[in-house]
Amino acid sequence: MLTTLRPARLGAPDVLRVGATGLRTRPLRAVLSALGIAIGIAAMVAVVGISSSSRAELDRTLAALGTNLLRVAPGTDLFGEAATLPPESVDMVRRIAPVETATSVALLTAKAYRSDLIPTGESGGIGVYATDLDLLDPIGGTVADGTWLSEATAGYPAVVLGHTTAKRLGITAPDPAVLVWIGDQWFSVVGILDPVPLAPEMDLGALVGREAAATYLDWDELPTTIYTRTREDAVEQVRAVLGATANPQAPNEVDVSRPSDALAAQQATDEAFTGLLVGLGAVALLVGGIGVANTMVISVLERRAEIGLRRSLGATRGQIRGQFLVESLVLSLLGGAAGVLIGVGITAGYATSQGWPVAVPPVVVVGGLVATLAIGAVAGIYPAVRAARMSPTEALAAV
Amino acid sequence: MSAVAVERAAVAHPDPRGTPGTGTPGTAPGDGGGPVVTLHEVSRVFPGGVAALRDVHLDVHRGELLAIVGPSGSGKSTMLNVIGTLDRPTSGRVLVDDFLVDDLDDRELSALRASRIGFVFQQFHLAAGVPALDNVADGLLYRGVGRRERRRRAAEALDRVGLGHRLTHRPHELSGGEKQRVAIARAVVGDPPLLLADEPTGALDTAAGAGVMDVLRDLHTVGTTVVIITHDRELAASLPRQVAMRDGEIVADGTLAPGGAGTVLAGAGGAGGAGGALGAPSTTTDEEASC
């Protein structure tokens, strides 16, 4: 006969099966309390997923656009007056060794209107630019419809409209018969551009040739903005010398910027907002954890008879504690897994609707599940200890 | 975990079930070997000063079928909890299957309950929504038996209590008597030497109660020691030995032949020793009214 008393260990499947008792017998309550966790995790996963999908989209865009575009614009002089660039500045910039291309535009004082009957005040924010013919390549612009300016059209009253400009003026397709009123002259619309992410000011532009600008719009031949592409490895060096090169007399009056940085900076702003939303998700998760703890406390109170029975069947205090801890963990983990699925689903839906790549960092998924396990453990400890401390006779007396 | 080895407090007795000549109803105390339960000067005083047990002496011998009988408040439930190691006495010694309960910690007591004691409760305590087979199989959960083996032995145990045709029924599909027989099957699925039943017929009508008692007598017939707590004098009188309690003390302990002398428990209509044979469930069980 046996002469030692040693409680048997439950195998892992039995531990899980016993731990899931409460979930099987009260499925609705299990679902509701897991729902809190699910919402918290879903919110966090979706926020991070959408943010990283947006960043993946930005990376893709920047990879396509290139990050080696530099923009040189006149700033203000010491007295706050708008400065200008000298006429030879474009040629000077071209002479910097790593510079591949350089082109210029000049913002004119003339405004563009749909007809000569529009009041002059309603310019719609549209800027009229005198442009070099080689503008499109450096800024990464493409023609959506019609043609770009040519040697032939540059001297005539012909205009290419930016993407937003065409919308504001209500012009859907270029046609020599479609005219816009610029300065005191009708210009034919020969082309419409796609949006230009690296030079968004061109979206609100009406672009005319240099000769036409000089002939019809009283252009003083001074460029206002230079766009230049440099070798990728020399962007910062070129940037350092651009001001002095473009305007040797007053380098401090020149603003040099890197448009791709502006896009990235916008992304950084988005990230601060993302942090806030993740924080809100964490609050939801915390509330969900409290819901699980509440469910477990009630469950222990309601199931005193079951606890007493299990003790009479030979369950040790440790096994009772383990049962309720496992139940809490399973409950939280179910919520966490559902939350991850929902969060990934939301991310996929939103990213797809925006035409972005779907990117959910694996660390977020793993981190979310680990967080739910931690919450389940914390939420379950007190009820489990309470269940284990219950004396078998008291437990059995409760019906 | 450190190896827990608990010395038996007394020399092990031969297993009465292996001894020819035992196992007939009405076995006299001491016939089948030494006591399976010994209470020595046991008192249980609850906080507040209520003494549920005062200086109780009791030996329960292997193979016995006895009733602990008394009105509510007499301390019989406390006695059952102490015998079943669910409660510890305030003073005195308790031996169960030759283990001195005082020396055991929670883990050892749990192991003792798992391997040596089966419980049957008035309220059945079956898990709702769980088939009878799995309810019974849970009786072996804390003994380290694999699930397949648990279910196989559970089917056997259900067959033994006459419910071989009810394996997949859930508690709400069973009558009260059937529920209690499922609970009995759960208590004996691990073949414990000691079966403790707390008012097993208390929640049942007469016919269902008789069916349950038949099952308990059958178990006694094959050697299980059965202790039944009841307030029902008539029921107690139908059993070979009665221990009468009042105010935490044993006021009478005797064997009873119907109408016999030497007992304070002479009740009317006691039909002692009416147990059926194993595997031949009584016909009365088939006509239980459902609850």
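The model is predicted, and the predictor gives the complex an ipTM of 0.79 and a pTM of 0.72. Chain B has 291 residues, and 52% of them are buried.

**Chain B at a glance**

- You can find seven helices and 10 strands in chain B.
- Of the contacts in chain B with a separation of 6 or more, 72% join residues 24 or more positions apart.
- Chain B has a mean pLDDT of 80, with 76% of its residues at 70 or more.
- Please read two stretches with care: the pLDDT is below 50 over residues 1–32 of chain B, a stretch with 66 contacts in the model beyond near neighbours in sequence.
- The pLDDT is also below 50 over residues 257–291 of chain B, where the model has 77 contacts beyond near neighbours in sequence.

**Where the chains meet**

- Chain B brings 32 residues to the contact, and chain A brings 24 residues.
- On the chain B side, helix H2 (residues 106–116) gives the largest share, eight residues.
- That side of chain B is made up of 15 nonpolar, eight polar and nine charged residues.

**The nonpolar cores**

- In soluble globular proteins, nonpolar side chains tend to be buried together.
- Here the largest nonpolar core holds 125 residues, and Val45(A), Val136(B) and Ala185(B) have the most contacts inside it.
- Helix H3 (residues 27–65) of chain A gives the most to this core, 14 residues.
- Beyond its neighbours within four places in sequence, Ala185(B) touches several residues, including Val136(B), Ala157(B) and Leu158(B).
- Another core, of 51 residues, lies apart from the largest one; among its members are Leu108(A), Ile192(A), Val208(A) and Leu217(A).

**A closer look at helix H4 of chain B**

- Which residues of H4(B) are buried? They are Arg150(B), Ala154(B), Ala157(B), Leu158(B) and Arg160(B).
- Just after H4(B) comes Gly162(B), with a positive phi of about 80°.

Note on methods. Residues are numbered from 1 along each chain as its sequence is written. Chains are lettered from A and ligands numbered from 1 in the order in which they are written. Two residues are in contact if their C-beta atoms, placed from the backbone, lie within 7 Å. Helices (H or I, at least four residues) and strands (E, at least two) are DSSP runs, numbered from the N terminus. Ala, Val, Leu, Ile, Met, Phe, Trp, Tyr, Cys and Pro count as nonpolar, Asp, Glu, Lys and Arg as charged, and the others, Gly among them, as polar. A residue is buried if 20 or more other C-beta atoms lie within 10 Å of its own, exposed if 12 or fewer, and partly exposed in between; C-beta atoms are placed from the backbone. A nonpolar core is a set of buried Ala, Val, Leu, Ile, Met, Phe, Trp, Tyr and Cys residues joined through C-beta atoms within 7 Å. pLDDT is the predictor's confidence in each residue, from 0 to 100.
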